[in-house]
Amino acid sequence: PKNFPQKLQFANLVLKASYDNAAKTLAWENLSLQGGPFGAETSGMAVFAEGMSPALQVTGTLNALAVADLMKYWPVGTAPGAHDWIASNIPVGRAGPFRVRMDLPAGALDADTIPDQAIDLTFPLDGVSARYLDGMTPLTGGRGNARLTGDNFRLTVDSGSVGPIAVSAGEFTIAGLHLHGAPGRIKLHAEGKMPDVMALIDQQPLGYAKRFNINPASASGNASVDLDFGLPMLRDLPIEQLRIGV
């Protein structure tokens, strides 16, 4: 209960393993877990050390999950700012299947940060809806790929839309996941009709068209716009902490 936000229940567990008592080593050829929407297949080895977390070498796959289900398996206290931001701003989408590789030295799980080279988790995302700034039209139908390493997260968006505007070459990164209010960056490239693009960058908190006395509806032609936002990963974010570039 102290490690996960809900009680974990599995309908099926398959394990083929051996334990060397002298070397304090548990090695498994296959560990299969199935329960509800969750399913995992892994192989690996754990070397237990006195007074510290074990050394772990793990490779495996996890089946695809809805983002809402994924949040239920997010360990308590791990990157809380990123967890709260994703839970609040990505209500729809599907992630996975996941491919994971771990190579953790003894004691690594006891530290505040995990070395980037110790964990490599990659997965695609599809059908994602995301709110990137309060007041602005959210991203819908997002598709892309994500990579989580020890202390950093990077999501690339290959396609999606913001209202009638097509989005490509998007990127969402979080550096220093262990930090409260870890620094995040959101970049989007959008192309569409000039009135739609002008209306987008006139939404709050941007308000560019109003600032220059431009009526978006009177514009014509086509346009492309690059949005670049820097923000800490906080649930309730003061506008003063936003860095905005258009």
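E171 and R154 form a salt bridge, with their closest N and O atoms 2.6 Å apart. E171 sits in strand β11 (residues 165-175) and R154 in strand β10 (residues 152-162), so this pair ties together parts that are 17 residues apart in sequence. The model is predicted. It holds eight salt bridges. Side chains of opposite charge can pair when their charged atoms come close.

**The E171 and R154 pair: accessibility**
- E171 is partly exposed, at a relative accessible area of 21%.
- R154 is also partly exposed, and its relative accessible area is 43%.

**The K16 and E29 pair**
- K16 makes a salt bridge with E29, and their closest N and O atoms lie 3.7 Å apart.
- This pair links distant parts of the chain, 13 residues apart.
- K16 belongs to strand β1 (residues 12-20), while E29 belongs to strand β2 (residues 25-35).
- K16 has 52% relative accessibility. Exposed means over 50%, so K16 counts as exposed.
- E29 counts as exposed too, at 58% relative accessibility.

**The K210 and D202 pair**
- K210 forms a salt bridge with D202. The closest N and O atoms of K210 and D202 are 3.0 Å apart.
- K210 counts as exposed, with 53% relative accessibility.
- D202 has a relative accessible area of 11%. Buried means under 20%, so D202 is buried.

**A network**
- Salt bridges also link R185, D228 and R243 in a network.

Definitions and conventions: Residues are numbered from 1 along each chain as its sequence is written. This is a predicted model: local features need pLDDT of at least 70, side-chain atom pairs count only at pLDDT 80 or more; totals for chains, interfaces and linings use all residues. Side-chain values use heavy atoms; hydrogens and water are left out. A salt bridge is a side-chain nitrogen of Lys or Arg within 4 Å of a carboxyl oxygen of Asp or Glu. Helices (H or I, at least four residues) and strands (E, at least two) are DSSP runs, numbered from the N terminus. Buried means under 20% relative accessible area, exposed over 50%, partly exposed in between (1.4 Å probe, protein chains only).
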